[in-house]
Amino acid sequence: MSSSRKTIPGTSGKTYPGISNGIKTPPVSSNGSSNGFHKSIHSDSNSLSPSDNYGDIEPCSHLKSVLESNAKETALITYKQAVTISRPIDPQHIYTSKKDGSVVSHHKLLQRKSNSLKCTDCSLNNFHNNFTCLQCPHVGCFNDHNHAYTHYKLNQHVFATDSRNGLLYCFPCGNYVNHPQLEKIRSEILTGYSVSRPTDDIIDSSYTDPSGLAVSGLKGFVNLGATCFMSSILQTFIHNPIIKNQFFNNDLHYFNCEKNLATNESGLLDETNACITCSIDNIFQLFFSSNTNEGFGMTNLLTTAWYKKKSLAGFQEQDAHEFWQFILNEFHSDYERIRENIGKDPVDSSECTCITHTTFSGELQSSIKCLSCSSITKTIDPMVDLSLEINHLKSNHPGSEINLYDCLDLFTSEEKLDVMYTCQSCGDKTKAIKSLKLKSIPPVLSIQLKRFKHNSLNDSSSKIETPIKIPLFLNMTKYAIGHDAEEDADLIDGDKIFELFALVCHIGSVNTGHYIVLTKDGNGQWYKFDDSVVSLVSQEEVMRTNAYLVFYITHKI
Amino acid sequence: MTQQSEELDQIKSKIQEHLISSGNYDIINKQLKLQLYESGWFDKVSQLANRELQDNSNQNFDQLFSFVKPKAEELVPQKVKDEILEKIKDYLEDIIQ
């Protein structure tokens, strides 16, 4: 079970995570994204951004009749104003007045917003959570006094805008309502990019609704002989909203992959038709359109994987994490191959928009402080996951269990280097202190707990069973650059919050173990996949499970 | 409105304005949200709302909201209620003479 990792000499056994062999990674310039997010998930104009689902809300009859009447233009203008007021004040942005271009301070802006969102009847601004009437300047509260509703009753003003989410509310229907024309305005103002959706007639004529079972994609994998290390990892991809979105929009690969188009006379898998992206694409297609819940036999992927990596062949249990890295490597090289096929020049890894890089790629900043002149040298390295030491770990809070934060604290703590370091600024060969921090965090944060230890003396492996408590939501604020781990221990940056959505667990001993995987769906329901058996599990059971690999997805608050 | 509730509203309004302009609303709000997520409250309420919608799919937002709201308030762990209340009290102690 020992896995090879790049080790930097002198780090006293602490291995340095990096993109595994196969992906060339030239050093990234220090002008990476400063807000902690990988830029390519937003800048690729062809990808449909998985933003909120409010665009799916239907219009009601009242809304439709207004938008078909002469009042349409006025309604849209007023709506646009209402949404603009709802926009949260961005601390990074500098606001200027339209009148004379002078800078408006955030404080003043906040005051203006508070004043405009005060309830007309009781003056409570309810922390900017009120309803602005669409037909007159009235602002109404909905908690306690419910003045928004009273206003509707008295004046028959049917619509109001929710000042928190920018959605239109229809009082007679008692529902939030939306319409493509409204959604265009709302998404542009509140999210910065406009989401365009195909018109209804195209959808109605070309597609039939899939069954509930197909939509959930809930299926197990039949164990074809110690293949649970593969099926566990695959489930973490299938139920990963970002990867799912990419495979649902995989036309670029599908139509340009020569292996997909190659016909093989004997029907065997070989160089002409072995492609991991195609195999996994096939799995997505089947999982999300199937009407049965019988287990899936992944023979195609198995054979393809064996062809691509000989060490996977055979029926021994392998390391799930190594398989995960293998698949990520394949996604990237397949993407590069497709780019070549369509005649595009290869891009730098830092700008690669393959599945692997858009989903998992982040940056680690390593700071080395020279002990004689105190100067700090910073280097940035790309990463796709974090490998955390758990051996000899003690909880930072005596009496309670070790949790993931303790592992992250250790990972980012200052470490004295064993090897003498030649300082770049003062030239002395001295002792130095090294520490790691996250420069940018990918949308999906993957963490491996190093449970498998290789004993070089007798060439054996052992497993560390220490229970580590995994938080359902992870606050990464203090581990990001610009924050101090101790001072900012309680600080919360809304962009640095992550939601646990998958855990891969290894049960049993090193050589005779079994993998199971737990994933969470969009409704907060957890499922356990044990080969072909899929079952519901409670939150409590998830928190009691001893995980090996954990996957978090960004969840802004 | 009675005079008492008018006075209450006035005090509430002042507190709300001060919390926002001092930036404390943002901080306390984020802490509350994080605790609600971490304790699993958000997921439980999600499931609750979904199940209710599955059982009675013929309801509007108002009806679903009035069903979920009291149960959601009940599901908030006492620990979270106490901690956030403490933070708000601390903040108020600083500003009220």
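Okay, housekeeping. What we have is a predicted model, so local features need pLDDT of at least 70 and side-chain atom pairs count only at pLDDT 80 or more, while totals for chains, interfaces and linings use all residues. Residues are numbered from 1 along each chain as its sequence is written, chains are lettered from A and ligands numbered from 1 in the order in which they are written, and side-chain values use heavy atoms, with hydrogens and water left out.

Let's start with chain A as a whole. Chain A has 18 helices and 23 strands; those are DSSP runs, H or I of at least four residues for helices and E of at least two for strands, numbered from the N terminus. There are 557 residues in chain A, and 48% of them count as buried, meaning under 20% relative accessible area, with exposed being over 50% and partly exposed in between (1.4 Å probe, protein chains only). The accessible surface of chain A is about 27,600 Å², and carbon and sulfur atoms hold 51% of that. Those areas come from Shrake-Rupley with a 1.4 Å probe, and for residues only the protein chains shown count as cover. Now take contacts, heavy atoms within 4.5 Å: of those in chain A between residues at least 6 apart in sequence, 65% join residues at least 24 apart.

On to the sheets. Two strands pair if DSSP finds at least two bridges between them. One open sheet in chain A has five strands, running E4-E3-E5-E6-E7, with antiparallel pairing. So which strands stand at its edges? They are E4 (139-140) and E7 (175-177) of chain A; each has a single partner strand, so one side of each has no neighbour in the sheet. At the E7 end, strand E6 of chain A, residues 168-170, pairs with E7(A) in the antiparallel sense over three bridges, and A:Cys170 has A:Asn175 in E7(A) as its bridge partner.

Another open sheet in chain A has four strands, in the order E9-E8-E14-E11, and here too the pairing is antiparallel. E9 (376-383) and E11 (415-416) of chain A are the edge strands, each pairing on one side only.

Last topic, charges. B:Glu17 is partly exposed at 30%, and A:Lys118 is partly exposed at 25%.

Buried or exposed, what about A:Arg186? A:Arg186 is buried at 3% relative accessible area, and its salt-bridge partner, A:Glu183, at 3.2 Å N to O, is buried at 5%. The two sit three residues apart in helix H6 (residues 180-191) of chain A, about one helical turn.

Then there's A:Glu322 with A:Lys309, at 4.0 Å, N to O. That one links distant parts of the chain, 13 residues apart: A:Glu322 is in helix H15 (residues 320-341) of chain A, and A:Lys309 is in the loop between H14 (299-308) and H15 of chain A. And to finish, A:Glu258, A:Asp334 and A:Arg337 are joined into one network by salt bridges that share partners.

Methods:
Salt bridge = Lys/Arg side-chain N within 4 Å of Asp/Glu carboxyl O.
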